[in-house]
Amino acid sequence: MKSRRRSTNGSGGAQTPVRTRQANGGGNIALITGGAGFLGCNLADRLASEGCTVIIYDSLARPEVEKNIVWLQHRHGSRIQVQLADIRDARMLSGAVAAADLVFHFAAQVAVTTSLVDPIGDFEINARGTLNLLEALRARQRPIPLVFASTNKVYGTLEDVVVTARATRYEPLDPEIARHGVSERQPLSLYSPYGCSKGAADQYVLDYARMFGLPTVVFRMSCLYGPHQFGTEDQGWVAHFAISMLTGRPITIYGDGRQVRDILFIDDVLDAYLLAASRIERVSGQAFNIGGGPANAISLLELLDDLGQLTGRPPKLRHGPARAGDQQYYVSDTRKFAAATGWHPTMDARTGVRRLVEWLETRHRPAATLESERLTA
C-alpha cells in the first residue's frame, strides 16, 4: 500500500476548475436535495459562487444544519432558495424538480444504527424518496441530469477481501486491491436495512437510465470530510473525532480501531460531482466508486494519532464491540471515473485533516481559551 502521507497537491487546486455553466449543461438552476447538509451546503456554495441559483430542498432533520443555511444565505443572498420539505413528499418534490436544470440527490437517512431502530422509516426516506425523485424527473418533457450519492455499504462486509492485521491497520492480501482499492466489479452484497435501502435506490437510479433514458449517474461514496461537517458517531466520523478531541469528549472505538477507509476532502468531492454533471452523456447509467484512494487510506487509530498531534491533546477513548456489517477495509478504486473524466484527488489526507481542524477550532475552542486570546491580542 502506498503511504498515506503522499501528497499530489496540498492546495487542492491542480485540476482544471469546473465551471457552473459547463456543469449544468447551460442552465443555471440546481436542485440539491439534502442541500443543508455537509456535502450539499458546500456544493451550493460552489455553484452559487459561480453564478448559479440553488434550490436547497431539506427537512432540516439533522441537528445543526440550519447553521449552513444561514451561512449560505449570508454569502449568496437570493441565489440560495430554501424549500423546507421532506423527500417523501412527492408533490412538493415534483414542484422543485420542475424548476431545476439539474439535480444532485443527497437527501437520505445516513446511519446504520438508525436503520436498525426504524427500518421502515429508513426505507421510506432512502428508497421511496429516491423513487419519488426519479418519477418527478421522468414526468418532465426535457430530461435533466441527476447525480446520486450512494455508499460503499452496498458492497456489504467485503468478506471476500481477506486482510491481515498490522500494528495500526488492516491491509488486504490481494495485491491488486492493495494497489488500487475496491473496484465497481465488486458484487453488491446489501447488509443492514441501511445497506438495503441505499442499494435499492442505487439500482433504481441506474435502471431509470436504462429503461427510461434519464441522464443519471451513481457515486458510491467512501468517507468525506471538510469544513461545515457536523460529525456524529454514526456519520462524518473524521469530524466527529476532531470535534471530540477539541472539546474533551470521549470517543468510542467499535472494534480494534484498525479499520481502514480512504478519506476524501470536500473540494475534491465537489470537482467529481460537477464533472459528472458536465459530462453526463459520457457517464450516464453508470456507477462509480468515489473516495480518496489508496494514497489517502487511513485507519481509525492512525487518524487519532494525527489528530493528537494537530490538537496537542490525547484522545479520551472508550471501546465497544465491533459493529455488525462493519468493513475492516474499504478503499475506493477510482480508476473508472478517472478514465471517464480525468478526475483524481488532489488534497492529501494530512493537509486536509489539518484544514478541517483549523476550521473546527474557531467553533469548538473552549470559551476560556478564546477570552484569554482576546485579552492578549
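I started with burial: 55% of the 377 residues in the protein chain count as buried. This is a predicted model, so I kept an eye on confidence as I went along.

Next I looked up the surface. The protein chain exposes about 15900 Å² of accessible area, and carbon and sulfur atoms own 51% of that.

Then came the overall makeup. I found 15 helices and 15 strands in the protein chain. Among contacts with a separation of 6 or more, 86% join residues 24 or more positions apart.

On to confidence. The mean pLDDT of the protein chain is 90, with 89% of residues at 70 or more. I marked two stretches to treat with care. Residues 1-26 stay under 50 in pLDDT, and the model gives them 62 contacts beyond four places in sequence. Residues 367-377 are also below 50, with two contacts beyond near neighbours in sequence.

Which residues of H3 are buried? I noted Asn68, Ile69, Leu72 and His76. They lie on the same side of H3, because together they cover an arc of only 100° around the axis.

What covers the buried residues of H3? I listed helix H2 (38-49), strand E2 (53-58) and strand E3 (80-84) among the elements that do. Turning to the face of H3 directed away from its buried side, I found Val70 and His74 exposed there.

Key
Residues numbered from 1 in each chain as written. Predicted model: local features only at pLDDT ≥ 70, side-chain atom pairs only at ≥ 80, totals over all residues. Heavy atoms only, no water. pLDDT = per-residue confidence, 0-100. Contact = heavy atoms within 4.5 Å. Buried < 20%, exposed > 50% of the residue type's maximum accessible area, 1.4 Å probe, protein only. Helix = DSSP H or I, 4+ residues; strand = E, 2+ residues; numbered from the N terminus. Arc of directions from axis to C-beta. Areas by Shrake-Rupley, 256 points an atom, 1.4 Å probe, with all protein chains shown as cover.
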